[in-house]
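Look over the sequence and the structure, then read the points below.

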Amino acid sequence: MSAGQEVVSSGGTASGSLIEAGGSATISSGGTDSANTIGSGGFEMVSGTGASAFRDVVSGGGTQVVAGGGHVSGETVVANGLAIIGNGGVDSGSIILAGGSESVLGGGVASGIGVSGGSEYVSSGGVANGATIAVGGHE
């Protein structure tokens with residue numbers, strides 16, 4: 001999706017979408033996505049009670065924001081991709097590879113994150129539990 005918008009709300013599911021070049025996706029309360037790719041210039045917001053995303057790939061200038069009851073798991077963040085875990089957002093079991101980064105802001109929680117060649121930043125009030133930092137990784 002280029003310069004378009006995808007909205008997934010209660011009971012809805014999106015799978016395998018490509019979001020880039022000004023495209024955006026919003027996963028709101030009760031919505032789910034699976035195996036989306038957020039690439040160059042793409043943006044995805046996962047926010048609201050029960051909003052969830054699984055096995056997404058964030059790369060090449062793409063950005064994913066998780067907040068306000070949103071939960072992501074099994075994500076891969078690589079090659080200038082950025083994941084932001086804001087207040088009320090949760091990330092579990094994701095991996096940050098070379099060139100990727102994740103920022104855990106105040107009120108955000110990251111659990112069981114693997115960092116190999118990428119970076120995880122934890123701001124005041126953010127929580128990171130059980131991270132595994134491999135060769136070239138930074139926390």
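The model is predicted. Its largest nonpolar core has 20 residues, and the members that touch the most other members are Ile 27, Val 46, Val 66, Val 72, Val 77, Ile 96 and Ile 113.

- Leaving aside neighbours within four places in sequence, Ile 27 has contacts with Val 8, Thr 32 and Asp 33, among others.
- The contacts of Ile 27 also include the run Glu 44, Met 45, Val 46 and Ser 47, as well as Ala 51 and Ser 52.
- Val 46, one of these contacts of Ile 27, is also listed among the core residues that touch the most other members.

**Secondary structure and the sheet**

- The chain has 21 strands and zero helices.
- Seven of the strands make up an open sheet with parallel pairing.
- The order of strands in this sheet is β3-β6-β9-β12-β15-β18-β21.
- The edges of the sheet are β3 (18-19) and β21 (132-133); each has a single partner strand, so one side of each has no neighbour in the sheet.
- The partner of β3 is β6 (residues 37-38), which runs parallel to β3 and is joined to it by two bridges.
- Leu 18 has Thr 37 of β6 as its bridge partner.

- Ser 17 lies in the loop that links β2 (13-15) and β3.
- Is Ser 17 buried or exposed? Its relative accessibility is 15%, and the cut-off for buried is under 20%, so Ser 17 counts as buried.
- Not counting residues up to four places away in sequence, Ser 17 touches Glu 6, Ala 35, Asn 36 and Thr 37.
- Thr 37 is therefore both a contact of Ser 17 and the bridge partner of Leu 18, by the meaning of contact as heavy atoms within 4.5 Å.

**The chain as a whole**

- A compact globule of 139 residues would have a radius of gyration near 14 Å, and the chain has 13 Å, which agrees.
- Along the principal axes, the C-alpha atoms fill a box of roughly 35 × 25 × 20 Å.
- Of the 139 residues, 42% count as buried.
- Among contacts with a separation of 6 or more, 4% are between residues 24 or more positions apart.

How values were computed
Residues numbered from 1 in each chain as written. Predicted model: local features only at pLDDT ≥ 70, side-chain atom pairs only at ≥ 80, totals over all residues. Heavy atoms only, no water. Core = buried A, V, L, I, M, F, W, Y, C linked by side-chain atoms within 4.5 Å. Buried < 20%, exposed > 50% of the residue type's maximum accessible area, 1.4 Å probe, protein only. Pairing = 2+ DSSP bridges. Helix = DSSP H or I, 4+ residues; strand = E, 2+ residues; numbered from the N terminus. Rg over C-alpha atoms; globule rule 2.2 N^0.38 Å.
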